Amino acid sequence: MLIDTTAVNQSRRPFDDNGDIWLFGYGSLIWKADFPFLERKSAYIEGFERRFWQGSHDHRGTPQAPGRVATLIPVEGAVCHGMAYRISEETLAPLDHREKNGYLREVTPLHFADGGLVQGLVYMATEENPAFLGPAPLETMARHIHEAVGPSGPNRDYLLNLAQALRELDVEDAHIFALQAELERL
């Protein structure tokens, strides 16, 4: 079920100074930065793992046949690597639209690979949103991803592009790579 979180996100004022904001990307935002940014750095957040547990009714699937895309699941002691972008506040509006299907902006400590630490934003889809699909056996998720297609293209392209981007960042992600291997087996 498509739920438009755009208005909720735009009502949230993450910082008071109207200056630049750091945004953490862990899914398509790693490899598809189709928005203006001022700076880009390898980064990570703590306490979360990336999982293909969110439904995509608007990009990698349809309302009748949603795809599966990445979200973050809280896991104590976990580290999730991705890409951070320094953006102007105006960039949030198109990103809110892009991430509208159940993703809410949250503030998080953002660690840069070079050692820096800032407060940043991340879009997260929790199990409380109606588009959340949750866990499933690896083969079931891979088949689902293999079959789903939406306005942004085949769902499998999302997974394959993410796996490639993580390898280019020299990041090990057992869930993503196991899902990729299962998808390629199909």
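Which residues is Leu133 in contact with, leaving aside its neighbours within four places in sequence? The first legend below answers this. The model shown is predicted: local features need pLDDT of at least 70, side-chain atom pairs count only at pLDDT 80 or more, and totals for chains, interfaces and linings use all residues. Residues are numbered from 1 along each chain as its sequence is written, and side-chain values use heavy atoms, with hydrogens and water left out.

View A. Helices (H or I, at least four residues) and strands (E, at least two) are DSSP runs, numbered from the N terminus. Leu133 is in contact (heavy atoms within 4.5 Å) with Trp53, Gln54, Gly55, Gly67, Arg68 and His144, its neighbours within four places in sequence being left aside. Leu133 counts as partly exposed at 33% relative accessibility; buried means under 20% relative accessible area, exposed over 50% and partly exposed in between (1.4 Å probe, protein chains only). From Leu133 to Val69, 64 residues apart in sequence, the C-alpha to C-alpha distance is 9.7 Å.

**View B. The largest pocket and Ser28.** The volume of the largest pocket is about 390 Å³. Of its 26 lining residues, those closest to the centre are Ser28, His59, Arg98, Glu99 and Tyr158. On a 1 Å grid over the protein atoms alone, a pocket is an open set of points where a 1.4 Å probe fits, with protein on both sides within 12 Å along at least five of seven lines, and lining residues have an atom within 4 Å of a point. Grid points are joined across faces, edges and corners, and a volume is the space filled by probe spheres set on the points. At least two lining residues come from each of strand S1 (21-25), helix H2 (28-31), strand S2 (39-56), strand S3 (67-87) and helix H3 (92-98). Ser28 lies in helix H2 and is buried, with a relative accessible area of 13%. Not counting residues up to four places away in sequence, Ser28 touches Arg98, Glu99 and Tyr158.

View C. Residues up to four places away in sequence not being counted, Arg86 touches Asp20, Ile21, Trp22, Phe37, Leu38 and Glu39. Phe37 is 49 residues from Arg86 along the chain, yet their C-alpha atoms are separated by 5.8 Å. Asp96 belongs to helix H3 and is buried, its relative accessible area being 0%. The side chains of Asp96 and Tyr123 are joined by a polar contact of 2.5 Å.

View D. Asp170, in the loop between H5 and H6, has a positive phi of about 60° although it is not a glycine. Asp170 counts as exposed, at 72% relative accessibility. At the start of H6, a side-chain oxygen of Asp173 reaches to within 3.3 Å of the backbone nitrogen of His175. Buried residues of H6 are His175, Ile176, Phe177, Leu179, Gln180, Glu182 and Leu183; the buried residues of H6 pack against S2, helix H4 (138-147) and helix H5 (155-168).

Notes. A polar contact is a pair of N or O atoms within 3.5 Å; within protein, one must be able to donate a hydrogen and the other to accept it, and residues adjacent in sequence count only if both atoms are side-chain atoms.
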